[in-house]
Amino acid sequence: MKVALKIILAILLCFRISAYGQNVSFDSLMKKARLEIYDNPDNAIRIAKDLLGKEHDIHKKIGIYQLLSTANIAKRDFDQSLLYLLKAKETAQKTNDLKIRTSVLISAAIQYQQMELFNKSLETLNEAEPLLAKLPDDLPEKHIETARSYAIRGMIYKSQSNPEIALEKFLISIQNFEKIKHKQTTYSNMSVVYYNIGYCYLNLSQLEKAHQAFLRSAEYARKNKAKSLEAFALKGMAEMYKQKKENETALQLLIKAEELSKNTGDLILNEGIYKEMSDNYLALGKPDLYQNYSKKYFEMRFQREQNELSSINHSINDHNLETLKKSSTMKTRYNYLTAIIGGVSIFTIALLLSLILKIRRQNLKYRKEIQKLIRS
(Lines give C-alpha, C1' and ligand atoms only; values in the text may rest on other atoms or scores of the structure.)
Protein backbone atom coordinates (compact mmCIF):
# COMPACT_ATOMS: atom_id res chain seq x y z
CA MET A 1 0.00 0.00 0.00
CA LYS A 2 2.81 2.43 0.85
CA VAL A 3 4.36 2.11 -2.59
CA ALA A 4 1.00 2.83 -4.19
CA LEU A 5 0.59 5.94 -2.09
CA LYS A 6 4.04 7.20 -3.06
CA ILE A 7 3.56 6.66 -6.75
CA ILE A 8 0.13 8.21 -7.28
CA LEU A 9 1.49 11.77 -7.09
CA ALA A 10 3.13 11.25 -10.48
CA ILE A 11 -0.12 12.29 -12.09
CA LEU A 12 0.68 15.81 -10.89
CA LEU A 13 2.81 16.03 -14.01
CA CYS A 14 -0.35 16.45 -16.08
CA PHE A 15 -2.57 19.38 -16.94
CA ARG A 16 0.06 22.05 -16.55
CA ILE A 17 -0.93 25.57 -17.54
CA SER A 18 2.34 26.41 -19.27
CA ALA A 19 1.93 26.89 -23.01
CA TYR A 20 4.77 25.98 -25.29
CA GLY A 21 3.51 27.67 -28.42
CA GLN A 22 0.63 29.22 -30.25
CA ASN A 23 0.15 26.58 -32.92
CA VAL A 24 -3.54 25.63 -32.65
CA SER A 25 -3.05 22.14 -34.09
CA PHE A 26 -0.17 21.42 -31.73
CA ASP A 27 -2.09 22.70 -28.68
CA SER A 28 -5.24 20.74 -29.56
CA LEU A 29 -3.29 17.51 -30.06
CA MET A 30 -1.41 18.03 -26.79
CA LYS A 31 -4.72 18.61 -25.01
CA LYS A 32 -6.15 15.43 -26.51
CA ALA A 33 -3.04 13.48 -25.46
CA ARG A 34 -3.30 14.79 -21.89
CA LEU A 35 -6.95 13.77 -21.71
CA GLU A 36 -5.96 10.26 -22.85
CA ILE A 37 -3.20 9.84 -20.25
CA TYR A 38 -5.38 8.45 -17.48
CA ASP A 39 -7.56 5.99 -19.35
CA ASN A 40 -5.65 5.31 -22.58
CA PRO A 41 -1.95 6.08 -22.04
CA ASP A 42 -0.88 4.12 -25.14
CA ASN A 43 -2.85 6.51 -27.35
CA ALA A 44 -1.37 9.51 -25.51
CA ILE A 45 2.12 8.14 -26.19
CA ARG A 46 1.28 7.57 -29.87
CA ILE A 47 0.07 11.18 -30.28
CA ALA A 48 3.09 12.59 -28.43
CA LYS A 49 5.62 10.57 -30.43
CA ASP A 50 3.98 11.70 -33.66
CA LEU A 51 4.27 15.34 -32.52
CA LEU A 52 7.87 14.83 -31.42
CA GLY A 53 8.85 13.63 -34.89
CA LYS A 54 7.55 16.84 -36.47
CA GLU A 55 8.48 19.43 -33.84
CA HIS A 56 11.65 21.55 -33.79
CA ASP A 57 10.70 24.24 -31.26
CA ILE A 58 12.74 23.58 -28.11
CA HIS A 59 9.99 24.62 -25.68
CA LYS A 60 7.38 22.45 -27.36
CA LYS A 61 9.77 19.49 -27.38
CA ILE A 62 10.23 19.84 -23.62
CA GLY A 63 6.44 19.76 -23.21
CA ILE A 64 6.22 16.61 -25.34
CA TYR A 65 8.99 14.89 -23.38
CA GLN A 66 7.15 15.65 -20.12
CA LEU A 67 3.90 14.33 -21.53
CA LEU A 68 5.62 11.12 -22.67
CA SER A 69 7.16 10.77 -19.22
CA THR A 70 3.76 11.17 -17.56
CA ALA A 71 2.02 8.75 -19.93
CA ASN A 72 4.64 6.10 -19.21
CA ILE A 73 4.11 6.69 -15.48
CA ALA A 74 0.41 5.96 -16.05
CA LYS A 75 1.50 2.63 -17.54
CA ARG A 76 3.96 2.17 -14.63
CA ASP A 77 6.83 1.92 -17.10
CA PHE A 78 9.23 3.88 -14.93
CA ASP A 79 12.29 3.18 -17.05
CA GLN A 80 10.79 4.82 -20.14
CA SER A 81 9.30 7.59 -18.00
CA LEU A 82 12.72 8.41 -16.54
CA LEU A 83 14.36 8.36 -19.99
CA TYR A 84 11.95 10.98 -21.34
CA LEU A 85 12.20 13.06 -18.18
CA LEU A 86 16.00 13.13 -18.45
CA LYS A 87 15.64 14.24 -22.07
CA ALA A 88 13.36 17.05 -20.91
CA LYS A 89 15.87 18.02 -18.21
CA GLU A 90 18.76 18.01 -20.68
CA THR A 91 16.80 20.08 -23.22
CA ALA A 92 15.65 22.54 -20.54
CA GLN A 93 19.30 23.47 -19.84
CA LYS A 94 19.37 25.07 -23.30
CA THR A 95 16.64 27.60 -22.47
CA ASN A 96 16.53 30.66 -20.20
CA ASP A 97 12.78 30.27 -19.57
CA LEU A 98 12.52 30.00 -15.77
CA LYS A 99 8.99 28.56 -15.92
CA ILE A 100 10.09 25.62 -18.02
CA ARG A 101 13.31 24.96 -16.11
CA THR A 102 11.43 25.04 -12.78
CA SER A 103 8.69 22.75 -14.06
CA VAL A 104 11.16 20.17 -15.38
CA LEU A 105 13.11 20.11 -12.11
CA ILE A 106 9.99 19.62 -10.00
CA SER A 107 8.79 16.91 -12.39
CA ALA A 108 12.16 15.20 -11.92
CA ALA A 109 11.74 15.45 -8.13
CA ILE A 110 8.36 13.74 -8.43
CA GLN A 111 9.92 10.93 -10.46
CA TYR A 112 12.70 10.41 -7.90
CA GLN A 113 10.19 10.41 -5.06
CA GLN A 114 8.20 7.64 -6.74
CA MET A 115 11.37 5.58 -7.02
CA GLU A 116 11.89 6.16 -3.26
CA LEU A 117 15.08 8.11 -3.94
CA PHE A 118 14.00 10.66 -1.34
CA ASN A 119 17.35 12.44 -0.90
CA LYS A 120 17.65 12.88 -4.65
CA SER A 121 14.07 14.17 -4.77
CA LEU A 122 14.68 16.73 -2.02
CA GLU A 123 17.98 17.75 -3.61
CA THR A 124 16.16 18.43 -6.90
CA LEU A 125 13.40 20.39 -5.12
CA ASN A 126 16.06 22.51 -3.42
CA GLU A 127 17.65 23.09 -6.83
CA ALA A 128 14.29 24.33 -8.13
CA GLU A 129 13.60 26.69 -5.19
CA PRO A 130 15.82 29.63 -6.32
CA LEU A 131 14.26 29.49 -9.80
CA LEU A 132 10.76 29.33 -8.31
CA ALA A 133 11.48 32.36 -6.10
CA LYS A 134 12.38 34.42 -9.19
CA LEU A 135 8.99 33.87 -10.83
CA PRO A 136 6.52 36.80 -10.46
CA ASP A 137 3.86 36.29 -7.79
CA ASP A 138 1.02 36.94 -10.25
CA LEU A 139 2.20 34.20 -12.62
CA PRO A 140 -0.09 31.11 -12.57
CA GLU A 141 2.90 28.81 -13.11
CA LYS A 142 4.38 29.98 -9.81
CA HIS A 143 1.32 28.77 -7.90
CA ILE A 144 1.24 25.49 -9.84
CA GLU A 145 4.90 24.67 -9.26
CA THR A 146 4.70 25.77 -5.60
CA ALA A 147 1.70 23.46 -5.16
CA ARG A 148 3.54 20.57 -6.81
CA SER A 149 6.64 21.21 -4.71
CA TYR A 150 4.68 21.13 -1.42
CA ALA A 151 2.73 18.08 -2.59
CA ILE A 152 5.90 16.08 -3.22
CA ARG A 153 7.36 17.14 0.14
CA GLY A 154 4.11 15.97 1.72
CA MET A 155 4.47 12.61 -0.03
CA ILE A 156 7.97 12.18 1.37
CA TYR A 157 6.86 13.00 4.93
CA LYS A 158 3.89 10.64 4.58
CA SER A 159 6.12 7.80 3.40
CA GLN A 160 8.33 8.42 6.44
CA SER A 161 5.32 7.99 8.77
CA ASN A 162 4.89 11.69 9.56
CA PRO A 163 1.22 12.21 8.59
CA GLU A 164 0.85 15.40 10.63
CA ILE A 165 3.70 17.19 8.84
CA ALA A 166 2.57 15.69 5.53
CA LEU A 167 -0.90 17.16 6.06
CA GLU A 168 0.60 20.64 6.53
CA LYS A 169 2.39 20.35 3.20
CA PHE A 170 -0.65 18.97 1.39
CA LEU A 171 -2.92 21.74 2.67
CA ILE A 172 -0.44 24.40 1.47
CA SER A 173 -0.43 22.60 -1.88
CA ILE A 174 -4.23 22.81 -2.08
CA GLN A 175 -4.15 26.52 -1.15
CA ASN A 176 -1.82 27.23 -4.07
CA PHE A 177 -3.90 25.19 -6.52
CA GLU A 178 -6.96 27.18 -5.44
CA LYS A 179 -5.20 30.43 -6.42
CA ILE A 180 -5.34 29.42 -10.09
CA LYS A 181 -8.12 31.25 -11.93
CA HIS A 182 -8.76 28.46 -14.42
CA LYS A 183 -9.72 25.85 -11.84
CA GLN A 184 -10.41 23.11 -14.41
CA THR A 185 -6.68 22.88 -15.08
CA THR A 186 -6.08 21.81 -11.47
CA TYR A 187 -8.91 19.29 -10.95
CA SER A 188 -6.74 16.20 -11.51
CA ASN A 189 -3.95 17.58 -9.34
CA MET A 190 -6.36 18.40 -6.52
CA SER A 191 -7.89 14.92 -6.79
CA VAL A 192 -4.44 13.42 -6.22
CA VAL A 193 -3.63 15.66 -3.26
CA TYR A 194 -7.01 15.04 -1.59
CA TYR A 195 -6.45 11.30 -2.09
CA ASN A 196 -3.22 11.55 -0.11
CA ILE A 197 -4.83 13.80 2.50
CA GLY A 198 -7.40 11.03 2.95
CA TYR A 199 -4.66 8.50 3.68
CA CYS A 200 -3.02 10.85 6.17
CA TYR A 201 -6.30 11.06 8.10
CA LEU A 202 -6.68 7.29 7.73
CA ASN A 203 -3.26 6.77 9.32
CA LEU A 204 -4.29 9.13 12.12
CA SER A 205 -7.51 7.09 12.61
CA GLN A 206 -9.63 10.15 11.80
CA LEU A 207 -12.03 8.18 9.62
CA GLU A 208 -14.66 10.85 9.04
CA LYS A 209 -12.10 13.38 7.81
CA ALA A 210 -10.57 10.65 5.65
CA HIS A 211 -14.00 9.93 4.15
CA GLN A 212 -14.54 13.60 3.29
CA ALA A 213 -11.11 13.84 1.67
CA PHE A 214 -11.71 10.74 -0.48
CA LEU A 215 -15.12 12.12 -1.51
CA ARG A 216 -13.48 15.37 -2.66
CA SER A 217 -10.81 13.38 -4.48
CA ALA A 218 -13.49 11.44 -6.38
CA GLU A 219 -15.43 14.65 -7.08
CA TYR A 220 -12.45 16.39 -8.68
CA ALA A 221 -11.61 13.25 -10.67
CA ARG A 222 -15.13 13.12 -12.13
CA LYS A 223 -14.92 16.80 -13.09
CA ASN A 224 -11.99 15.91 -15.33
CA LYS A 225 -13.45 12.54 -16.36
CA ALA A 226 -10.32 10.85 -14.98
CA LYS A 227 -11.52 7.32 -14.33
CA SER A 228 -8.27 6.07 -12.83
CA LEU A 229 -8.19 8.91 -10.29
CA GLU A 230 -11.79 8.21 -9.33
CA ALA A 231 -10.85 4.54 -8.93
CA PHE A 232 -8.02 5.51 -6.59
CA ALA A 233 -10.42 7.59 -4.49
CA LEU A 234 -12.91 4.71 -4.30
CA LYS A 235 -10.11 2.36 -3.25
CA GLY A 236 -9.23 4.78 -0.44
CA MET A 237 -12.84 4.89 0.73
CA ALA A 238 -12.98 1.10 0.59
CA GLU A 239 -9.97 0.87 2.88
CA MET A 240 -11.72 3.20 5.32
CA TYR A 241 -14.80 0.93 5.34
CA LYS A 242 -12.58 -2.12 5.79
CA GLN A 243 -11.15 -0.55 8.94
CA LYS A 244 -14.74 -0.09 10.15
CA LYS A 245 -15.37 -3.82 9.44
CA GLU A 246 -17.97 -2.90 6.80
CA ASN A 247 -16.55 -5.35 4.26
CA GLU A 248 -19.60 -5.57 1.97
CA THR A 249 -19.65 -1.79 1.49
CA ALA A 250 -15.92 -1.84 0.85
CA LEU A 251 -16.31 -4.54 -1.82
CA GLN A 252 -19.04 -2.59 -3.63
CA LEU A 253 -16.68 0.37 -3.93
CA LEU A 254 -13.80 -1.88 -5.04
CA ILE A 255 -15.90 -3.57 -7.74
CA LYS A 256 -16.76 -0.13 -9.13
CA ALA A 257 -13.08 0.88 -8.92
CA GLU A 258 -12.07 -2.29 -10.78
CA GLU A 259 -14.53 -1.44 -13.56
CA LEU A 260 -13.22 2.12 -13.84
CA SER A 261 -9.60 0.95 -14.02
CA LYS A 262 -10.14 -1.68 -16.74
CA ASN A 263 -8.39 0.10 -19.62
CA THR A 264 -5.85 2.17 -17.72
CA GLY A 265 -3.09 -0.43 -17.50
CA ASP A 266 -2.15 1.08 -14.13
CA LEU A 267 -0.25 -1.64 -12.27
CA ILE A 268 -0.24 0.20 -8.93
CA LEU A 269 -3.95 0.89 -9.05
CA ASN A 270 -4.82 -2.70 -9.99
CA GLU A 271 -2.41 -4.05 -7.39
CA GLY A 272 -4.08 -1.97 -4.68
CA ILE A 273 -7.61 -2.91 -5.76
CA TYR A 274 -6.81 -6.64 -5.88
CA LYS A 275 -5.10 -6.49 -2.49
CA GLU A 276 -8.12 -4.83 -0.89
CA MET A 277 -10.57 -7.21 -2.58
CA SER A 278 -8.64 -10.27 -1.40
CA ASP A 279 -8.57 -8.89 2.17
CA ASN A 280 -12.31 -8.22 2.20
CA TYR A 281 -13.23 -11.59 0.68
CA LEU A 282 -11.05 -13.28 3.31
CA ALA A 283 -12.84 -11.32 6.06
CA LEU A 284 -16.20 -12.46 4.65
CA GLY A 285 -15.09 -16.10 4.56
CA LYS A 286 -15.05 -16.54 0.76
CA PRO A 287 -11.83 -18.53 0.14
CA ASP A 288 -12.25 -19.03 -3.63
CA LEU A 289 -12.64 -15.34 -4.34
CA TYR A 290 -9.87 -14.57 -1.86
CA GLN A 291 -7.45 -16.91 -3.69
CA ASN A 292 -8.46 -15.53 -7.10
CA TYR A 293 -7.80 -11.89 -6.20
CA SER A 294 -4.76 -12.75 -4.09
CA LYS A 295 -3.21 -14.36 -7.19
CA LYS A 296 -4.00 -11.26 -9.28
CA TYR A 297 -2.48 -9.08 -6.58
CA PHE A 298 0.83 -10.98 -6.57
CA GLU A 299 0.96 -10.94 -10.39
CA MET A 300 0.55 -7.15 -10.43
CA ARG A 301 3.06 -6.75 -7.62
CA PHE A 302 5.70 -8.83 -9.43
CA GLN A 303 5.24 -6.88 -12.66
CA ARG A 304 5.42 -3.55 -10.84
CA GLU A 305 8.59 -4.54 -8.96
CA GLN A 306 10.28 -5.59 -12.21
CA ASN A 307 9.47 -2.19 -13.72
CA GLU A 308 10.77 -0.36 -10.67
CA LEU A 309 13.99 -2.40 -10.63
CA SER A 310 14.65 -1.52 -14.28
CA SER A 311 13.99 2.14 -13.56
CA ILE A 312 16.27 2.20 -10.50
CA ASN A 313 19.10 0.63 -12.52
CA HIS A 314 18.69 3.35 -15.12
CA SER A 315 18.67 5.99 -12.39
CA ILE A 316 21.92 4.60 -10.97
CA ASN A 317 23.51 4.81 -14.42
CA ASP A 318 22.31 8.39 -14.76
CA HIS A 319 23.70 9.25 -11.31
CA ASN A 320 27.05 7.74 -12.29
CA LEU A 321 27.10 9.85 -15.46
CA GLU A 322 26.33 13.00 -13.46
CA THR A 323 29.10 12.11 -11.00
CA LEU A 324 31.51 11.54 -13.90
CA LYS A 325 30.61 14.95 -15.39
CA LYS A 326 31.12 16.67 -12.02
CA SER A 327 34.42 14.83 -11.58
CA SER A 328 35.54 15.91 -15.04
CA THR A 329 34.58 19.52 -14.31
CA MET A 330 36.44 19.45 -10.99
CA LYS A 331 39.48 17.92 -12.70
CA THR A 332 39.46 20.67 -15.34
CA ARG A 333 39.17 23.34 -12.62
CA TYR A 334 41.98 21.66 -10.68
CA ASN A 335 44.21 21.69 -13.76
CA TYR A 336 43.46 25.39 -14.35
CA LEU A 337 44.12 26.18 -10.70
CA THR A 338 47.37 24.18 -10.75
CA ALA A 339 48.50 26.02 -13.89
CA ILE A 340 47.68 29.42 -12.32
CA ILE A 341 49.47 28.55 -9.07
CA GLY A 342 52.45 27.23 -11.05
CA GLY A 343 52.57 30.39 -13.16
CA VAL A 344 52.34 32.65 -10.11
CA SER A 345 55.01 30.58 -8.34
CA ILE A 346 57.40 30.79 -11.31
CA PHE A 347 56.78 34.53 -11.63
CA THR A 348 57.37 35.04 -7.89
CA ILE A 349 60.59 32.98 -7.92
CA ALA A 350 61.84 34.83 -11.00
CA LEU A 351 61.06 38.17 -9.34
CA LEU A 352 62.86 37.15 -6.16
CA LEU A 353 65.90 35.92 -8.11
CA SER A 354 65.92 39.16 -10.08
CA LEU A 355 65.83 41.19 -6.85
CA ILE A 356 68.56 39.05 -5.26
CA LEU A 357 70.83 39.45 -8.31
CA LYS A 358 70.14 43.19 -8.38
CA ILE A 359 71.00 43.54 -4.70
CA ARG A 360 74.18 41.45 -5.13
CA ARG A 361 75.29 43.63 -8.05
CA GLN A 362 74.64 46.75 -5.98
CA ASN A 363 76.57 45.27 -3.02
CA LEU A 364 79.45 44.36 -5.31
CA LYS A 365 79.46 47.89 -6.72
CA TYR A 366 79.41 49.43 -3.22
CA ARG A 367 82.24 47.10 -2.11
CA LYS A 368 84.46 48.17 -5.02
CA GLU A 369 83.77 51.83 -4.29
CA ILE A 370 84.59 51.33 -0.60
CA GLN A 371 87.85 49.53 -1.47
CA LYS A 372 88.77 52.35 -3.89
CA LEU A 373 88.18 54.90 -1.13
CA ILE A 374 90.32 52.94 1.30
CA ARG A 375 93.23 52.70 -1.16
CA SER A 376 93.10 56.34 -1.84
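Asn 43 sits in helix H3, which spans residues 41-54. Its relative accessibility is 16%, so Asn 43 counts as buried. Leaving aside residues up to four places away in sequence, Asn 43 touches Lys 32 and Glu 36. These values, like the others below, come from a predicted model.

**Overall build**

The protein chain holds 15 helices and zero strands. Of its 376 residues, 50% are buried. The accessible surface comes to about 19600 Å², and carbon and sulfur atoms account for 54% of that area.

Val 193 belongs to helix H10. Val 193 has a relative accessible area of 0% and is therefore buried. Ser 173 lies 20 residues from Val 193 in sequence, and the two C-alpha atoms are 7.8 Å apart in space.

Ten aromatic pairs turn up in a search of the whole structure. One of them joins Tyr 195 and Phe 232, with ring centres 5.5 Å apart. The planes of the two rings meet at 75°, so this pair is edge-to-face. The cut-off behind that label is an angle over 60 degrees. Tyr 195 lies in helix H10 (residues 187-203) and Phe 232 in helix H12 (residues 227-243), so the pair ties together parts 37 residues apart in sequence.

Another ring has a charged neighbour. Lys 60 lies over the face of Phe 26, 4.9 Å from the ring centre.

**Salt bridges**

Side chains of opposite charge can pair when their charged atoms come close. The whole structure contains 13 salt bridges.

| Salt bridge | N to O distance |
|---|---|
| Glu 276 and Lys 242 | 3.2 Å |
| Glu 246 and Lys 244 | 4.0 Å |
| Lys 262 and Glu 259 | 3.2 Å |

Glu 276 and Lys 242 form a salt bridge that links distant parts of the chain: Glu 276 is in helix H14 (residues 267-283), Lys 242 is in helix H12, and 34 residues separate them. Glu 276 has a relative accessible area of 5%, so this residue is buried. Lys 242 stands at 21% relative accessibility and counts as partly exposed.

Glu 246 and Lys 244 make up another bridge. Glu 246 has a relative accessible area of 33% and is partly exposed. Lys 244 is partly exposed too, at 38%.

Lys 262 pairs with Glu 259. With a relative accessible area of 59%, Lys 262 is exposed. Salt bridges that share partners also build a network, which joins Lys 242, Lys 275, Glu 276 and Asp 279.

At 53% relative accessibility, Ser 161 counts as exposed. Its phi is positive, about 60°, although Ser 161 is not a glycine.

Ser 205 is found in the loop between H10 and helix H11 (207-223). Phi of Ser 205 is near 60°, a positive value in a residue other than glycine. Ser 205 has 57% relative accessibility and counts as exposed.

**A nonpolar surface patch**

Where does Leu 352 lie? Leu 352 is part of helix H15, which runs over residues 287-375. Its relative accessibility is 48%, so Leu 352 counts as partly exposed. Leu 352 is one of the residues in a nonpolar patch on the surface. The patch consists of Phe 347, Ile 349, Leu 351, Leu 352, Leu 353, Leu 355, Ile 356 and Ile 359. Together these residues have about 780 Å² of accessible area.

Notes. Residues numbered from 1 in each chain as written. Predicted model: local features only at pLDDT ≥ 70, side-chain atom pairs only at ≥ 80, totals over all residues. Heavy atoms only, no water. Phe/Tyr/Trp six-rings, centres within 6.5 Å; stacked < 30°, edge-to-face > 60°. Helix = DSSP H or I, 4+ residues; strand = E, 2+ residues; numbered from the N terminus. Lys NZ or Arg CZ within 6 Å of the ring centre and 35° of its normal. Patch = residues over 30% accessible without salt bridge, like charges linked within 9 Å, V, L, I, M, F, W, Y side chains within 5 Å. Areas by Shrake-Rupley, 256 points an atom, 1.4 Å probe, with all protein chains shown as cover. Salt bridge = Lys/Arg side-chain N within 4 Å of Asp/Glu carboxyl O. Buried < 20%, exposed > 50% of the residue type's maximum accessible area, 1.4 Å probe, protein only. Contact = heavy atoms within 4.5 Å.
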